[in-house]
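Here are my notes on the model, as numbered points. Please read them with the structure open.

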Amino acid sequence: MKDQGMPRKQVMKESVTALEGLERRREPAEEVVQQGDGVAQQLAEDALLLTQIGRIISSTLEIDQVYEQFAQELRKLVHFDRMSINTIDREAGVFIIKYLVGQEVADRYTGAVRTIAGSQTAHMLATGRTIVRGDLSSAREFATDAAFLGEGLCSAIMVPLVSKGKIIGSLSLRSRQVAVYGLREQSILEHLANQIAPAIENAELYNRTRQAEKALRQSQEAERRLVAENALLAETGRIISSTLNIDEVYERFSQETKKLVGFDRMAINIIDHEAGVFVFKYVSGLVQSGRPVPDVVPLPGTQTEYVMKTGQTLVRADVAADLRFRGDRNMLNSGMRSTMTVPLKSKGQTIGTLSLRSRQVGAYGPREQAILEHLADLIAPAIENSELYAQTRRAQEELRQSEEQYRILFEQSREAIFLSSPEGEFVGVNQSAVELFGYTRDELIQLDHNDLWVYPDEQAQWL
């Protein structure tokens, strides 16, 4: 039977065409397979990095360490030029930038507290959803957009950090590129936000607990220090009231003061208002050139004059940066940098100063000032009493010396001298009187003075 099929040439031509069609369909199919393989590989890498980030988040309660490693791993998954993690204080109406990496923006730094109103954060809180913005320049929606655009940051994504059904903060990424963030980036960031939000809340709670414990320790330490300070103040008060020997008081006062407030030199000065000078009454510690004890120093241009006029404590953190008094240069040459001078007041008047000096810069603060002012209140009356006591002793000594001079004059006079009461009774006679009348001293005193008058008429006139 004769073959009725197509001619051989036509059959071959159609076969070649069919093969070419198959080839054309095979190439896209292979491309799809390859693309599928690439997506699968990308997903696998993403999953691995997400697992790694999850491990980092759960590894420690030191959230600052978590933030740093979190940012490093996140950069491998999602592009950003700036990343910030913020916590929200709804009651205060603010958010706090807890961590920041990348492009700086004015007034937005780690630790900055920003108002929620008018910001992306406000919108995120209102919707409870992720905000994705492809190009800020094409639609400025928030008051804060200008600041970010000014730094070239065009696109943004902000994901809420939710813990126990409550938004506690946000994870925010920004880029200089337009339309960087899509569904993939949103999915990754939302997954990470779910992981890191509880960690942030736990870390905040942990930090608050540590702060509370620290505050408790500080409170207990402050209480112990206060008890110790009160005991030393009581001891200082006892020392001050124990004796009128002010030199002994000064020495023991200095020893007790040093247990409360450190110093390299302590000086107590007494002011003579009438003479316009002050006197170095006591110095402990470093010897300052040109300041012996006692030394009389004119008041004008001195720290003592300043404190006397203001009636207030003078604290100087660094004399080298504040040269304004006579003697400052001498103080620096002696190696001292900071000083505190407290007025010594008694009966409303500044009678002197109590001054501490230190080689350290900024040695004296509010605590030291409070203690020294309390000590000054204790010692000022004792100093005034000791000055009065010293004046009394000087007056007594002057009287004794005057009496001694009178006694010498009385006894050594060549004239007969009788001491008589207003009634005419002898109370004393000198040696010349004894020699003149030939009686003993006791006999003369016991005589009736009427018996000694040669001319009685003169007696009445004399009396």
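1. Phenylalanine 437 counts as partly exposed because its relative accessibility is 31%; buried means under 20% relative accessible area, exposed over 50%, and partly exposed in between (1.4 Å probe, protein chains only). Phenylalanine 437 lies in helix α10, residues 431-437. Helices (H or I, at least four residues) and strands (E, at least two) are DSSP runs, numbered from the N terminus.

2. This is a predicted model, in which local features need pLDDT of at least 70, side-chain atom pairs count only at pLDDT 80 or more, and totals for chains, interfaces and linings use all residues. Residues are numbered from 1 along each chain as its sequence is written, and side-chain values use heavy atoms, with hydrogens and water left out.

3. Which strands form the open sheet, and in what order? Six strands do, in the order β9-β8-β7-β12-β11-β10, with antiparallel pairing. The edge strands, each pairing on one side only, are β9 (296-298) and β10 (314-316). Two strands pair if DSSP finds at least two bridges between them. On average, neighbouring strands of this sheet are turned by 25 degrees against each other, direction ignored. Axes are lines fitted to C-alpha atoms, for helices over the stretch in contact, and angles run from 0 to 180 degrees between N-to-C directions.

4. Strands β7 (residues 265-272) and β8 (residues 277-285) run antiparallel and are joined by eight bridges. Alanine 267 has valine 283 in β8 as its bridge partner, and isoleucine 268 stands opposite tyrosine 282 in β8. The hairpin of β7 and β8 has four residues between the strands, and glycine 276 takes a positive phi there, near 70 degrees.

5. β8 also pairs with β9, in the antiparallel sense, over three bridges. Here valine 279 has valine 296 in β9 as its bridge partner.

6. Helix α6 (residues 246-260) lies across β7, β8 and β12 (349-358), at about 135 degrees to β7. Helix α7 (residues 303-310) lies across β7, β8, β10, β11 (338-346) and β12, at about 45 degrees to β11. Contact means heavy atoms within 4.5 Å.

7. Which residues of α7 are buried? They are Gln303, Thr304, Glu305 and Val307. Their cover includes β7, β8, β10, α8 (328-333), β11 and β12. Glycine 311 follows α7 and has a positive phi, near 70 degrees.
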